[in-house]
Amino acid sequence: MKALMFGWEFPPHILGGLGTASFGLTKGMAECGDMDITFVIPKPWGDEPKDFARIIGANCTPVVWRDVNWDHVQSRIGHVMDPQQYYSLRDHIYADFNHIGTNDLGCIEFSGRYPENLLEEINNYSIVAGVIARTLDFDVIHSHDWLTYPAGIHAKQVSNKPFVIHVHATDFDRSRGNVNPNVFRIEKDGMTHADHIITVSNLTRRTVIEKYGISPDKVTTVHNAVEPLSEELLNVEVPPKHDKIVTFLGRITMQKGPEYFVEAAVQVLRKVHNVQFVMAGGGDMMEKMIRLAARRNIADRFHFAGFLRGKQVYEMLKASDVYIMPSVSEPFGISPLEAMQMGVPSIISKQSGCAEILDNVIKVDYWDTNAIADAIYSILEYPSMYRQLRENGLAEVNQITWDKAGAKVINIYKAISGLTP
Amino acid sequence: MKAICFYFQIHQPFRLKNYRFFDIGNDHYYYDDFANDDIITRIARRSYLPANEMLLDMIKEYKKKFKVAFSISGTALEQLEQYVPEFIDSMKELAATGCVEFLSETYAHSLASLQDPEEFVAQVKAHDEKIYQLFGQHPKVFRNTELIYDDDIASMVQAMGFKGAITEGAKHILGWKSPNYVYKAATAPKLKLLLKNSKLSDDISFRFSDSGWAAYPLTAEKYLGWIASLPQEEQLVNLFMNYETFGELQARESGIFDFMRALPRFAGDHDIQFWTPSEVIAKLKPVGEMTVMHPISWADEERDASAWLGNTLQQEAVEKLYSIGERVRLCQDRRIKQDWNYLQASDHFFYMSTKHNSDGTIHSLYSPYDSPYTAFTNYMNVLSDFMIRVEQQYPSDIDNEELNSLLLTIRNQEHEIEELKREVDMMRNNLEKDLTGDLVEEPATEIVPEEKAPEEKAPEKPKRKRTTKKTLAKK
């Protein structure tokens, strides 16, 4: 089966969980066999893994005819994709896009990030999708998250092939209900045009059904999974420590509920003294949290580690005794799974999607700081609690693999293509 | 001729309230009175009371040919006395018919048999005393918590003087053998074993109202037909179940009460009698020995102790609890003794089970907690406080031996004082006799100093105790 996927991020150049999840899923589907996947991203860097999906860059796809020779194309985009692909795409330009402004290859430039003119970039991406959909042969279209829905819709209109959208998050999660009407419009449009909607949790599924008014028959949950960690990361060295460490790792924004972590820390510190609390990450609520910690008089035991990258994340996790994610609303939340992979007992809010599939974690309501404090205390003070969560958590998370998620997605493809009864 | 042996279990634990780590060292009351009251009252209304009424009617109607046995844990009895006293009266009425046998078990429905032999014996005694006090019977047959049994338990039970014990007819132990015979314990040849017939018991307690079951609907006629068609030699069918089966697990509307009421009538047709466990032991001879190396029970698919001791949480909790067993037994403080009992209930550990298969759902069904981890956290917080209290009584830096010798001295002194008192009393009596008789006055002078001695010593008793305690505290 041939799938045409539209995504926004792809490792190693990722900005959030979307890239990791898109990558994992693609790989998992490839492992199920008999899949031919083309993955379109706005701006490939050339170092993306290509062994299980063909990468097409939107910024390498011509929308205006330019007479360029092979060598020029090779030197400009050869590191990203095959020049031959460029020429076949060039044969399928379908309208005059000179007004947009293109480069020497007739391609539109993309930032590949989340710039100010995001809506314009989304629109351009959809123009490019028209060219790609006219060029390639595929059986199903799959769009990851709202940024790529317009592209998917366009591809569907061109090719009349079944269209699947993958909801990694909705604007209701990102904004705690304070939805941006433009984003909502794009999301709703994508959901209406889609033949099937995949959500990353039942929580998100309910949001899609209730807030966007989509028929439940059309929405299926496929939970995310995790890639096994490399030996190098698992055995990362950490400096010796004297105190136990409780860690919050993520964007310090309203969605992640950082203030509940601070309040729980206040309670625990009243009873336990040899413990440090770490809040790693950046975000618009960071300063507020620093002030809160100072006002609660725990600043000596409460640290802000700043934004961690790559290996630093795993060093931090390895040094931790408890991982905590008190998210107010989390469509899935991959980070507790990573903590579990590193053998760190985790406390997560019941309002996060991953709570639906995890058993060997402690689940609390995000607002219930008493329960969070109790859970932290219990893991710190009772050795068997720590051991049980660590060992069973490790065993559990190792069972959550992408090939299982991939198989589910393939079944959905088959169902909407009429290949299975 | 065949016989059915019915035995019903009644047990309720004292559920713990939400006990936070701030409460450790500050709050010494651990129980969720509201939940405990609510649950026992509900179950009693829906199940225990109507079921008792049913049994009483049946015994009257069938002129004492219908007999059953009960095993009621001490904690359940306490709750019933407190919240549903009418149930105790109704039970006394049943006991008075002579058709109801009460079985022995551990007072707290505990796991002491697996962890702490000394505690085990103490609890069995406490339970049997309670039964005698309420129902006037000395239990003759032993039934352990959740039918937990192994060879070591068999020896202990025999040593306590029981003639029989009840356990699960676990398939992995029985193999090709049938549970429908009496066996004897390999390690305790005088102990006869009655094994639960799981299939027929569960037909009533779990499958009765299951409309997806092939044999649904189950009628008394059909059911006794099955029993009657068992091989001729298999004379005994042991039906052991929770008393909640009637009215709670199987709702009244399912017809479970009518099913039971009809049993004796159809039993008569097939020449099937009803025996109590004691009768079974008196009438049937064991056909073989049973060796059980690892503990069995009636819980879950595995029929072992893993429902209570299966994971590290449960193991730590149980280990911590019994690590202070010896200390607590030295204690005289009644509240500590009471909490010690309540905290031992196996249910607390059952809630911590992390089995996530189909059996695991049973665990979450009965648990007041939303996850095993919360169950553990709450229990350990309570236990931490309890341990602090025990520690305050007897600081742990005095080792048990030293403490024992000190306590022994105190006790010996008490003992000595008592003996002296007795001696004095005796002498006094003799003296009076002598005075009334015609003896000379001479011995009286001898006795006078002896008379003084206890007067001096008696007030000394509390004094000495206090001083020893002080030295303990200082240490």
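The buried residues of helix H7 of chain A are Ile186(A), Glu187(A), Gly190(A) and Met191(A). They span an arc of only 130 degrees around the axis, so they sit on the same side of H7(A). This is a predicted model. The predictor gives the complex an ipTM of 0.76 and a pTM of 0.80.

**Helix H7 of chain A**

- H7(A) covers residues 181–193, which makes 13 residues. At 1.5 Å a residue, the helix should span 18 Å. Its end C-alpha atoms are 18 Å apart, so the two values agree.
- An α-helix has 3.6 residues a turn, so residues three or four places apart point the same way.
- Which exposed residues does the face of H7(A) turned away from its buried side carry? That face carries Pro181(A), Asn182(A) and Arg185(A).
- Several elements of chain A cover the buried residues of H7(A). Among them are strand E4 (140–144), helix H5 (149–159) and strand E5 (163–167). H6, strand E6 (196–199) and H8 are also included.

**Two domains in chain A**

- Chain A is divided into domain 1 (2–225 + 402–416) and domain 2 (231–397). Domain 1 is therefore written as two stretches of sequence, because the assignment gives it as 2–225 + 402–416.
- The C-alpha centres of these two domains of chain A lie 33 Å apart.
- Their contact takes 15 residues from domain 1 of chain A and 11 residues from domain 2 of chain A.
- On the domain 1 side, helix H1 (17–31), helix H6 (171–175) and helix H8 (202–212) of chain A each supply at least two residues. By class, this side has 4 nonpolar, 8 polar and 3 charged residues.

**Lys256 of chain A**

- Lys256(A) is in the loop between strand E8 (244–249) and helix H10 (258–271) of chain A.
- Is Lys256(A) buried or exposed? Lys256(A) counts as buried because it has 28 C-beta neighbours inside 10 Å. The cut-off for buried is 20 or more.
- Leaving aside residues up to four places away in sequence, Lys256(A) touches Gly250(A), Arg251(A) and Ser327(A).
- Gly333(A) is 77 residues from Lys256(A) along the chain. Their C-alpha atoms are separated by 10.0 Å.

**Where chain A meets chain B**

- The contact takes 16 residues from chain A and 15 residues from chain B.
- On the chain A side, strand E13 (362–364), helix H14 (369–381) and helix H15 (383–397) give two or more residues. Which element gives the most? H15(A) does, with 6 residues.
- The chain A side has 6 nonpolar, 5 polar and 5 charged residues.

**Chain B: overall build**

- Chain B has 20 helices and 12 strands. Of its 475 residues, 41% count as buried.
- Take the contacts in chain B between residues at least 6 apart in sequence. Of these, 78% join residues at least 24 apart.
- The domain assignment gives domain 1 (2–290), domain 2 (306–393) and domain 3 (400–474) of chain B.
- The C-alpha centres of domain 1 and domain 2 of chain B lie 24 Å apart. In the contact, 27 residues of domain 1 of chain B meet 23 residues of domain 2 of chain B.
- Helix H4 (112–115) and helix H5 (117–135) of chain B give two or more residues to the domain 1 side. That side has 13 nonpolar, 8 polar and 6 charged residues.

**Confidence in chain B**

- The mean pLDDT of chain B is 87, and 89% of its residues reach 70 or more.
- Over residues 444–475 of chain B the pLDDT is below 50. This stretch has 26 contacts in the model beyond near neighbours in sequence.
- Where pLDDT is low, the predicted coordinates should not be read in detail.

**Backbone exceptions**

- Most residues other than glycine have a negative phi, and most peptide bonds are trans.
- The peptide bond from Pro11(A) to Pro12(A) is cis, with omega near 5 degrees. Pro12(A) lies in the loop between strand E1 (2–6) and H1 of chain A.
- Tyr216(B) and Pro217(B) are also joined by a cis peptide bond, with omega about -5 degrees. Pro217(B) lies in the loop between helix H8 (198–205) and helix H9 (220–228) of chain B.
- Asp271(B) is not a glycine, yet has a positive phi of about 55 degrees. Asp271(B) counts as exposed, with 10 C-beta neighbours inside 10 Å.
- Arg303(B) also has a positive phi of about 55 degrees. Arg303(B) is buried, with 22 other C-beta atoms within 10 Å.

Terms used: Residues are numbered from 1 along each chain as its sequence is written. Chains are lettered from A and ligands numbered from 1 in the order in which they are written. This is a predicted model: local features need pLDDT of at least 70, side-chain atom pairs count only at pLDDT 80 or more; totals for chains, interfaces and linings use all residues. Two residues are in contact if their C-beta atoms, placed from the backbone, lie within 7 Å. Helices (H or I, at least four residues) and strands (E, at least two) are DSSP runs, numbered from the N terminus. Ala, Val, Leu, Ile, Met, Phe, Trp, Tyr, Cys and Pro count as nonpolar, Asp, Glu, Lys and Arg as charged, and the others, Gly among them, as polar. A residue is buried if 20 or more other C-beta atoms lie within 10 Å of its own, exposed if 12 or fewer, and partly exposed in between; C-beta atoms are placed from the backbone. The expected span of a helix is 1.5 Å times one less than its number of residues. The arc is that of the directions from the helix axis to the C-beta atoms. pLDDT is the predictor's confidence in each residue, from 0 to 100.
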